[in-house]
Amino acid sequence: MSEVLPPPSVLRFGAFEADLRAGELRKRRRKIRLQEKPFQVLAALLQRPGEVVTREELREKLWPAETFVEFDDNINTAISRVREALGDTAEHPHFVETLPRHGYRFIAAVESTDEPSRPAAGLRLIWIAGLAFLALVVAAFALNVGQWRERLFGTGSSSIRSLAVLPLENLSSDPEQDYFADGMTEALITELGKISAL
């Protein structure tokens, strides 16, 4: 008797992966916000790539028979949210194709696995180290350590008496990491404020 294997828990397509067990959609290891019902619609489409999933099948999967909802509006909203999360459009689909009055089809190639991709372990540490290095370089420039600013830019006859610190930018594309850039900017301003020559 052959053993029945459970369905794969992670489905990859393009730059995306859907972790069905965790209920998460990620793009290049970064989590993308997608509400529960739109994620369930996406999961239903991903589990049958290239096949038509009818609106009736989606209704049965997402809302039990005794549940009363305005199904057409809800399914349209869920599909719109899925497309928005994937950067897809109904007019020129790359992922979700609409079959008018019938259903939807997932048209991209889907790869199955049981292991979600792991985020780069040291990525955050590298990002923080890069910001710290940048702050040190700016501080060394402002303090004119070793008089290298004069050697680099000329005779040194004119001295800098003021300095503007522009906000550092969060290059990680993760809005939850904005506080690192803000904190580094504030720390730099505080340290430069201690210099009596400025």
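Accessible areas were computed by the Shrake-Rupley method with a 1.4 Å probe, and for residues only the protein chains shown count as cover. On this basis the accessible surface of the protein comes to about 13,500 Å², of which 56% belongs to carbon and sulfur atoms. The structure is a predicted model, in which local features need pLDDT of at least 70 and side-chain atom pairs count only at pLDDT 80 or more, while totals for chains, interfaces and linings use all residues. Residues are numbered from 1 along each chain as its sequence is written, and side-chain values use heavy atoms, with hydrogens and water left out.

Of the 198 residues in the protein, 30% are buried (under 20% relative accessible area, with a 1.4 Å probe and protein chains only). The secondary structure consists of six helices and eight strands, taken as DSSP runs numbered from the N terminus (helices, H or I, at least four residues; strands, E, at least two). Along the sequence these elements follow the pattern β-β-β-β-α-β-α-α-β-β-β-α-α-α. Among contacts (heavy atoms within 4.5 Å) between residues at least 6 apart in sequence, 53% join residues at least 24 apart.

Strand E7 (residues 103–106) pairs with two strands, E5 and E6, pairing being assigned if DSSP finds at least two bridges between strands. Strand E5 (residues 52–54) runs antiparallel to E7 and is joined to E7 by three bridges, with Val53 partnered by Tyr104. Strand E6 (residues 96–99) is likewise antiparallel to E7, through four bridges, and Glu97 stands opposite Arg105. E6 and E7 form a hairpin with three residues between them, and Arg101 in the turn has a positive phi of about 60°.

Helix H3 (residues 71–86) packs against helix H2 (residues 55–62) at an angle of about 95°, with the axes 11 Å apart; axes are lines fitted to C-alpha atoms over the stretch in contact, and angles run from 0 to 180 degrees between N-to-C directions. H2 and H3 are therefore roughly perpendicular (65 to 115 degrees). Arg55, Leu58 and Arg59 of H2 meet Phe71, Asp72, Ile75 and Asn76 of H3, a contact with three nonpolar, one polar and three charged residues.

The axes of H3 and helix H1 (residues 36–46) come within 8 Å and cross at roughly 80°, and these helices are therefore also roughly perpendicular to each other. H1 contributes Pro38, Val41, Leu42 and Leu45, and H3 contributes Ile75, Ala78, Ile79, Arg81, Val82 and Leu86. This contact comprises nine nonpolar residues, no polar residue and one charged residue (nonpolar: Ala, Val, Leu, Ile, Met, Phe, Trp, Tyr, Cys and Pro; charged: Asp, Glu, Lys and Arg; polar: the others, Gly among them).

Note on methods:
Angles under 35 degrees count as roughly parallel, over 145 as roughly antiparallel, 65 to 115 as roughly perpendicular and the rest as oblique. Buried means under 20% relative accessible area, exposed over 50%, partly exposed in between (1.4 Å probe, protein chains only).
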